[in-house]
Amino acid sequence: MPRTTDGDGTPVPQRLLAAATRLFAEQGYDRTSVQEIVEAAGVTKGALYHYFGSKDDLLHEVYARVLRLQQERLDAFAESDDPVESRVREAAADVVVTTIENLDDASIFFRSMHQLSPEKNKQVRAERRRYHERFRALIEEGQRTGVFTKETPADLVVDYHFGSIHHLSTWYRPDGPLSPQEVADHLADLLLRALRP
């Protein structure tokens, strides 16, 4: 994205995304107008349409920026020379922490994904599938080498872990008893206990 700035020096695309994220979280995607977003960001509709073709593009980008971060980090874990159990644990914990750190983005997306255009929906599903396949490949590596049990299919293990992550926005509270890292450690440990022979 171009890094054109406006007023306070924050790049316009980031101002638009911040405003859209806040408004989508507060009042829902379908109840937020383009006019409200541009007013909150302090820009014109022309500026929005310069960077994003539609409100749909904003919703997609809210989620895509988190998924890009998670994919980069997963790729780094997967490609490291650490033992496979360590790599799986690091990846399993990291996706929890990065989801909690971007909880508004994740909850907006899971609440509103069905409102994406068919083309954007297909694109997001492909991006998520790539992430899940890379994660599953790590588990399969551990199963092939005997580090993990083959009793439970890798697909089911991945669905189990990500199912718990997708529900974080329904119960996790920043002022609650567990820090993001503590939640991540517990969920990663649960995953590894399910995988050990």
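## Close-up views of a predicted helical model

**Figure 1. The packing of α4 against α5.** In this predicted model, α4 and α5 pack at an angle of about 165°, and their axes lie 9 Å apart. Because angles over 145 degrees count as roughly antiparallel, that angle makes α4 roughly antiparallel to α5. The crossing of this pair, α4 and α5, is right-handed. On the α4 side the residues that meet the partner helix are Val66, Leu69, Gln70, Arg73, Leu74, Phe77 and Ala78, and they face Arg87, Glu90, Ala91, Asp94, Val95, Thr98 and Thr99 in α5. Sorted by class, the contact of α4 with α5 holds seven nonpolar, three polar and four charged residues.

**Figure 2. The packing of α5 against α10.** Helix α10, which covers residues 180-195, packs with α5 at an angle of about 140°, and the two axes are 8 Å apart. This angle makes α5 oblique to α10, and the crossing of α5 and α10 is right-handed. From α5 the contact draws on Glu85, Val88, Arg89, Ala92, Ala93, Val96, Val97 and Ile100, while from α10 it draws on Pro180, Gln181, Val183, Ala184, Asp185, Leu187, Ala188, Asp189, Leu191, Leu192 and Leu195. When the residues of the contact of α5 with α10 are divided by class, 14 are nonpolar, one is polar and four are charged.

**Figure 3. The packing of α7 against α8.** The axes of α7 and α8 come within 9 Å of each other and cross at roughly 130°, which means that α7 is oblique to α8. The crossing of α7 and α8 is right-handed. The α7 side of the contact is made by Arg128, Tyr131, His132, Phe135, Arg136, Ile139, Glu140 and Gln143, and the α8 side by Ala154, Asp155, Val157, Val158, His161, Phe162 and His166. The residues of the contact of α7 with α8 divide into seven nonpolar, four polar and four charged.

**Figure 4. The largest pocket and its lining.** The largest pocket of the model has a volume of about 190 Å³. Two helices, α7 (118-144) and α8 (154-166), each supply at least two residues of the lining of this pocket. The residues that line the largest pocket are Arg125, Arg128, Arg129, His132, Glu133, Arg136, Asp155, Val158, Asp159, Phe162, Gly163 and His166. By class, the lining of the largest pocket comprises two nonpolar, three polar and seven charged residues.

Figure 5. Rolling a probe the size of a water molecule over the atoms shows where empty space is left. A search of the whole structure finds one cavity of 30 Å³ or more, and the largest cavity has a volume of about 170 Å³. This cavity is lined by 18 residues, and of these Tyr63, Gln70, Thr99, Phe110 and His166 lie nearest its centre. At least two lining residues of the largest cavity come from each of α4 (55-79), α5 (84-101), α6 (103-112), α7, α8 and α9 (168-171). The class count for the lining of the largest cavity is 11 nonpolar, six polar and one charged. His166 is named among the residues nearest the centre of this cavity, and His166 also belongs to the lining of the largest pocket.

**Figure 6. The chain that holds these views together.** The chain has 10 helices and zero strands, and read along the sequence its pattern is α-α-α-α-α-α-α-α-α-α. Along its principal axes, the C-alpha trace of the chain spans about 60 × 35 × 30 Å.

Key
Residues numbered from 1 in each chain as written. Predicted model: local features only at pLDDT ≥ 70, side-chain atom pairs only at ≥ 80, totals over all residues. Heavy atoms only, no water. 1 Å grid on protein atoms, 1.4 Å probe; cavity = no way out; pocket = protein on both sides within 12 Å on 5 of 7 lines; lining within 4 Å. Points joined across faces, edges and corners; volume = space filled by probe spheres on them. Helix = DSSP H or I, 4+ residues; strand = E, 2+ residues; numbered from the N terminus. Nonpolar A, V, L, I, M, F, W, Y, C, P; charged D, E, K, R; others polar. Axes fitted to C-alpha atoms, helices over the stretch in contact; angles between N-to-C directions. Parallel < 35°, antiparallel > 145°, perpendicular 65-115°, else oblique. Left-handed = near helix turned anticlockwise from the far one by under 90°. Contact = heavy atoms within 4.5 Å.
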